[in-house]
Structures are given as structure tokens and as C-alpha cells.
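Please look over the structure below before reading the points that follow. They go from the whole chain to the sheet and then to the core.

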Amino acid sequence: MRIGIIGSGNIGGTLARLLAQAGHQVAVSNSRGPETLQELVAELGEGVHATTPKEAARFGEVVVVSIPFGRYRELPVEAFAGKVVIDTNNYYPGRDGNFEELDADRSTGTELLAGFLLGARVVKAFNAINRKSLDELGRPAGEEGRVAIPIAGDDSDAKRVVAELIDQIGFDPVDMGGLAQGGRKFQVGSSLYGKLHTAEELTAQGTG
Ligand SMILES: NC(=O)c1ccc[n+]([C@@H]2O[C@H](COP(=O)([O-])OP(=O)(O)OC[C@H]3O[C@@H](n4cnc5c(N)ncnc54)[C@H](OP(=O)(O)O)[C@@H]3O)[C@@H](O)[C@H]2O)c1
């Protein structure tokens, strides 16, 4: 599958490596330009190239957005039409500035992103696990203690695509429900945020 990655830092860079190792073609991008990603591309090897955010979004059948949340309105909207989008972003007011609807819990970061990327099918995933765990804890399916990745979204087909990718890179996907309700279960400040769980443990916390 072709995967576009927008934001190639801790999480985007790690996902680029894991997805390339799983056999996907990966386009990485950042805000400063492809020439600043040559080291990463050389390290990740075959199947990975650097480009601009717009070209990465066009390239991907699935597009990962992994940038500081507060910059989401800089994304090239038109290039996302029809794409399955993975939103790894978290809202940190200290870094992102204050968003009144988030501070008042009238909306969530992923819903704001989905509202901005009209026509894209946005799935929230990889928000509650840190870079080191994502990098090191992938295990084959069925292995005891395999770490689970909660996902949320309003499009079942898009969630199926993302769940399959999560399984391929060594984690158990667990569907927590729609963007509004499900996404809140593992956003910053939730009981699941920043902690590692198995699929069984996550399911016990209430899915769907
Ligand atoms: N770190 C974690 O353990 C962790 C875990 C889960 C979720 N998250 C969330 O995932 C997101 C990414 O976190 P991170 O730690 O990977 O961040 P990071 O290491 O700071 O990387 C951010 C990346 O986004 C790029 N970027 C910034 N603005 C952009 C724009 N307008 N267009 C395209 N690319 C842009 C940066 O490129 P330049 O360097 O060229 O500006 C950089 O490649 C954040 O929302 C974070 O809260 C982080």
C-alpha cells in the first residue's frame, strides 16, 4: 500500500520505519522540505522517499498526520479528498495555543481535523502510546501480552484499513467507537492516555 506521512518526527518517523518494514511504500514529509529528510530516508532504506506534504497526501492511499496539533490548518486540504487519514495528534495548549471548543470539551482535536479535511475519512490512532513503546514493543499476532492500540472513527471501512496496518506493525487494534465518544476515551487526560494495555484490558474498558 502507498502511505503518505505528514510530520516525520518522533511518531511519524517511527511509523514510517515500521510501515516500510511491513512492506509498504512510504512518502515522508515535514514543514521544512524534503531535503531536510535525506538522513531519515537513507536510514529507512528502500521503499521510502521524501517529498512535500501536498505530494505525500496525494501519494498515500492512507495518509498519516503527525504534527503539532495547533498547525493542522496548514495542511493542504485538497490533496486529502477521499483519503483514509490517521490522526496521531494530541492537543497540548502550551504547545498548540488555546482552542476554546477543546478547552470547553465541546469538540475534540480529531473532530476539528476531520472538519477541516473535508472529504477525508479520519481515524484517530497512535495517540496514547509514546515513541519508544511504538518503536520497541511490536510483537507477532497472538503473542502473550501484545500491546493494543485504541482507534476511533466514524467510517468503518477506514477503521478496518487502519486496524490491518496496526496488526501488520505488531500491535492489536481495538475499536473504541466513533470520533466523538471513542476518541475521548484515549485523548490527553483520559484514563487510557499514556498507558500500555492489552486488547483484553482495553475491551474491558468499554469499546464501540
Ligand atoms: N512523541 C510522542 O511520544 C507522541 C505520542 C503520541 C502522539 N503524539 C502526537 O503526535 C504528533 C507528533 O508528535 P511528535 O512527537 O512526532 O512531534 P515532533 O517529533 O515534534 O515532529 C513533528 C513533525 O511535524 C512536522 N510539522 C510541523 N508542522 C508541520 C506542517 N504544518 N506541515 C507538515 N509537517 C509539519 C515537523 O516538521 P519540521 O521539523 O520540518 O517542522 C516534524 O517532522 C503531536 O501532535 C503529538 O502530540 C506524540
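**Notes on the predicted model**

1. Among contacts (heavy atoms within 4.5 Å) between residues at least 6 apart in sequence, 64% join residues at least 24 apart. The model is predicted: local features need pLDDT of at least 70 and side-chain atom pairs count only at pLDDT 80 or more, while totals for chains, interfaces and linings use all residues. Residues are numbered from 1 along each chain as its sequence is written, and side-chain values use heavy atoms, leaving out hydrogens and water.

2. The protein has 10 helices and eight strands; these are DSSP runs numbered from the N terminus, with helices (H or I) of at least four residues and strands (E) of at least two. The radius of gyration, taken over C-alpha atoms, is 16 Å, close to the 17 Å that the globule rule gives for 208 residues, so the protein is as compact as a globular protein of that length. That rule is 2.2 Å times the number of residues to the power 0.38. The C-alpha atoms fill a box of roughly 45 × 45 × 30 Å along the principal axes.

3. Eight strands form an open sheet with mixed pairing, in the order E3-E2-E1-E4-E5-E6-E7-E8. Two strands count as paired if DSSP finds at least two bridges between them. Strands E3 (48–50) and E8 (172–175) are the edges, each pairing on one side only. Neighbouring strands are turned by 25 degrees against each other on average, direction ignored; axes are lines fitted to C-alpha atoms, for helices over the stretch in contact, and angles run from 0 to 180 degrees between N-to-C directions.

4. Ile151 has Asp175 in E8 as its bridge partner. Helix H6 (residues 109–116) lies across strands E5 (84–87) and E6 (121–125), at about 160 degrees to E6.

5. Which residues have the most contacts inside the largest nonpolar core? They are Ile5, Leu15, Val26, Val28 and Phe126, in a core of 35 residues. Such a core is a set of buried (under 20% relative accessible area, 1.4 Å probe, protein chains only) Ala, Val, Leu, Ile, Met, Phe, Trp, Tyr and Cys residues joined through side-chain atoms within 4.5 Å. Helix H1 (residues 10–21) gives the largest share, six residues.

6. Leaving aside neighbours within four places in sequence, Val26 is in contact with residues including Ile3, Ile5, Leu19, Val48 and Phe59. A second, separate core of 21 residues includes Tyr72, Phe80, Phe99 and Leu102.

Methods. Buried means under 20% relative accessible area, exposed over 50%, partly exposed in between (1.4 Å probe, protein chains only).
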